[in-house]
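Hi everyone, thanks for coming. Have the picture ready on your screens, and let's walk through it together.

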Amino acid sequence: MNDQFDVLIDSYLDNKIGIDNRFLTEALSNGLQQNILQLQDDKLMTSAGIGNEEVKDPKQQIRSDTIYWMDKSHDNIYEREFLEHIENFIEHLNRTCYTGINSYEFHYAVYEEGSFYKRHKDQFKNDSNRKYSLINYLNDDWIEEDGGQLLVYQNESIQKILPQSQTAVFFKSDEMEHEVTKANRYRMSISGWLKQI
């Protein structure tokens, strides 16, 4: 387990953008995919907002995805397994890198065909609790022509990451500007933040 976490942490330490193509097991990824499809059928996904209660984007011009916040109280086997995996990762991160993370929040995200999320940072200007962003992808057989890539801007370079199932991406919330290009097919992920509160 620790070796798996170290793949994400070591690649972050090398490049400030951690990537692990096997952060989630195939079984967990498949279960989370089914959760999202059920949430869609139950019409529980809602339009994503921008900013927090004090700073919002009222016209929703920056993003067009839908989300559903995760919580252990939902008593879903795959959601619980995912959040316990995140807690184990945080414990390892704190033990090896002394990050002091003591909270987290995650949500499912769906990008219908034509949806996008323009260039942004994840940390609010009026709230510095979000320390690290952690994105997990749930899409099988994703190819370049499907769009929906994560672009991470670092100095003069741009790193392009396909949202392939089981892949996790990890970076500092206040450092890395990033965006999601227009998706050309249905795109699923779980986005979240490791926090100090």
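So, F5 and F23: both of them are buried, where buried means under 20% relative accessible area, exposed means over 50%, and partly exposed is in between, with a 1.4 Å probe and protein chains only. Before I go on, a word of caution: this is a predicted model, where local features need pLDDT of at least 70, side-chain atom pairs count only at pLDDT 80 or more, and totals for chains, interfaces and linings use all residues. Residues are numbered from 1 along each chain as its sequence is written, and side-chain values use heavy atoms, with hydrogens and water left out.

Okay, rings. How many aromatic pairs does the structure hold? There are 11, counting Phe, Tyr and Trp rings (the six-membered one for Trp) whose centres lie within 6.5 Å; planes under 30 degrees apart are stacked, over 60 edge-to-face, and the rest tilted. F5 and F23 make one of the tilted kind, with 6.0 Å from centre to centre and 45 degrees between the planes. F5 sits in helix 1 (residues 2–15), while F23 is in the loop between strand 1 (18–20) and helix 2 (26–41), so this pair ties together parts 18 residues apart in sequence.

Now look at Y132 and F170. Their ring centres are 5.0 Å apart and their planes at 15 degrees, so this pair counts as stacked. Y132 is in strand 6 (residues 130–137) and F170 in strand 9 (residues 168–172), which puts the partners 38 residues apart. Both are buried. And the two pairs belong to one picture: ring pairs link F5, Y12, F23, F89, Y132 and F170 into a cluster.

Is K172 buried or exposed? It's buried, with a relative accessible area of 19%. Leaving out residues up to four places away in sequence, K172 touches Y12, K131 and Y132, where contact means heavy atoms within 4.5 Å.

Some rings have a charge over them, meaning NZ of Lys or CZ of Arg within 6 Å of the ring centre and within 35 degrees of the ring normal. R119 lies over the face of Y153, 3.7 Å from the ring centre, and R187 does this with Y111, at 4.8 Å.

Next, the cores. A nonpolar core is a set of buried Ala, Val, Leu, Ile, Met, Phe, Trp, Tyr and Cys residues joined through side-chain atoms within 4.5 Å. The largest has 31 residues, and F89 and L194 touch the most other members. Helix 3 (77–97) is among the elements giving two or more residues to this core, and it supplies the largest share, 6 residues. There's also a second, separate core of 16 residues, including I17, I67, V169 and F171.

Zooming out: the chain has 3 helices and 11 strands. Its radius of gyration is 16 Å, close to the 16 Å the globule rule gives for 197 residues, so it is as compact as a globular protein of that length. That radius is taken over C-alpha atoms, and the rule is 2.2 Å times the number of residues to the power 0.38. Of the 197 residues, 50% count as buried. Finally, among contacts between residues at least 6 apart in sequence, 78% join residues at least 24 apart.

Key. Helix = DSSP H or I, 4+ residues; strand = E, 2+ residues; numbered from the N terminus.
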